[in-house]
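Okay everyone, thanks for coming. Have a look at the screen while I talk you through a few spots in this one.

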Amino acid sequence: MATYFDVHPDNPQRRSLAQVVALLRDGGLIAYPTDSCYALGCALGNREGIDRIRAIRRLDDRHHFTLMCQDFAQLGQFVHLDNAVFRAVKASTPGSYTFILPASKEVPKRLLHPKKKTVGVRIPEHTVAQALLAELGEPLLSSTLLLPGQAEPMVSGWEIKEELDHVLDAVLDSGECGTVPTTVVDFSAGEPEIIRRGAGDTTRFE
């Protein structure tokens, strides 16, 4: 059964976040709110967690996982950015964007796109997600919580707890999330390619 954490949207309780981080460090898989929609998350080195996310979402090995980062300094440790891409990404963070970029050696090989050697990164503009990342002290390996056959993600924590109680270790609920996932921009070739139009404005990338 998943432990349910009802956290304040503006002042998330430190004790609850510490308990969630302890679960993550112990190999747990969680559902947590972001500035676009709910996400599944596990620790970066959690191989079983990755397999559990793939099973829940029925993903193949070409799926880009996302490293949810607290800030730009943390993001920069895991991807390679030239000056132009650096400026474009920095101007759009934090926000509802996921950027596909060449991965650095800090990223475990099992997270990379098998051919491109890229990874997704993003910095959320969400109080609870930011507080969780600050408590964890490293990126959270994440994927949008969109189940097979669902047209839109679930918006509330209690709904996720009810649906996925048997496959998650914790659910963080800070109120309803949106149903629109992030805008995904691929910078792996140097120029922006919009892979998915979502919550983030695409104007600057067109």
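So, which strand gives the largest share of the lining of the largest pocket? That's E7, with three residues. Keep in mind that we're looking at a predicted model here. E7 covers 140–144, and it's one of the elements that give two or more residues to that lining; the others are E4 (66–68), E5 (97–102), E9 (183–186) and E10 (193–196).

The pocket holds about 440 Å³ of space. Its lining is made up of 24 residues, and if you want to find the centre, go to His 63, His 64, Thr 66, Val 184 and Arg 196, which lie nearest to it.

Okay, let's move to Thr 34. You'll find Thr 34 in the loop between strand E2 (30–32) and strand E3 (39–43). Is Thr 34 buried or exposed? It counts as buried, because its relative accessibility is 4%. Its side chain has a polar atom 2.6 Å from the backbone oxygen of Cys 37. There's also a polar contact of 3.0 Å between the side chains of Thr 34 and Arg 122. Leaving out residues up to four places away in sequence, Thr 34 touches Ala 39, Met 68, Arg 122, His 126 and Cys 177.

Arg 122 forms a salt bridge with Asp 35, and their closest N and O atoms are 2.8 Å apart. Asp 35 sits in the loop between E2 and E3, while Arg 122 is in strand E6 (residues 118–122), so this pair ties together parts that are 87 residues apart in sequence. Arg 122 counts as buried, at 3% relative accessibility, whereas Asp 35, at 22%, counts as partly exposed.

How many salt bridges are there in total? The count comes to six. One of them joins the side chains of Glu 135 and Arg 14, at 2.4 Å from N to O. Arg 14 counts as exposed, with 59% relative accessibility.

Last one: Arg 197 and Glu 206 meet through their side chains in a salt bridge of 2.7 Å, N to O. Both of those residues are exposed. That's it from me, thanks!

How values were computed. Residues numbered from 1 in each chain as written. Predicted model: local features only at pLDDT ≥ 70, side-chain atom pairs only at ≥ 80, totals over all residues. Heavy atoms only, no water. 1 Å grid on protein atoms, 1.4 Å probe; cavity = no way out; pocket = protein on both sides within 12 Å on 5 of 7 lines; lining within 4 Å. Points joined across faces, edges and corners; volume = space filled by probe spheres on them. Helix = DSSP H or I, 4+ residues; strand = E, 2+ residues; numbered from the N terminus. Buried < 20%, exposed > 50% of the residue type's maximum accessible area, 1.4 Å probe, protein only. Polar contact = N/O pair within 3.5 Å; in protein donor to acceptor, adjacent residues only side chain to side chain. Contact = heavy atoms within 4.5 Å. Salt bridge = Lys/Arg side-chain N within 4 Å of Asp/Glu carboxyl O.
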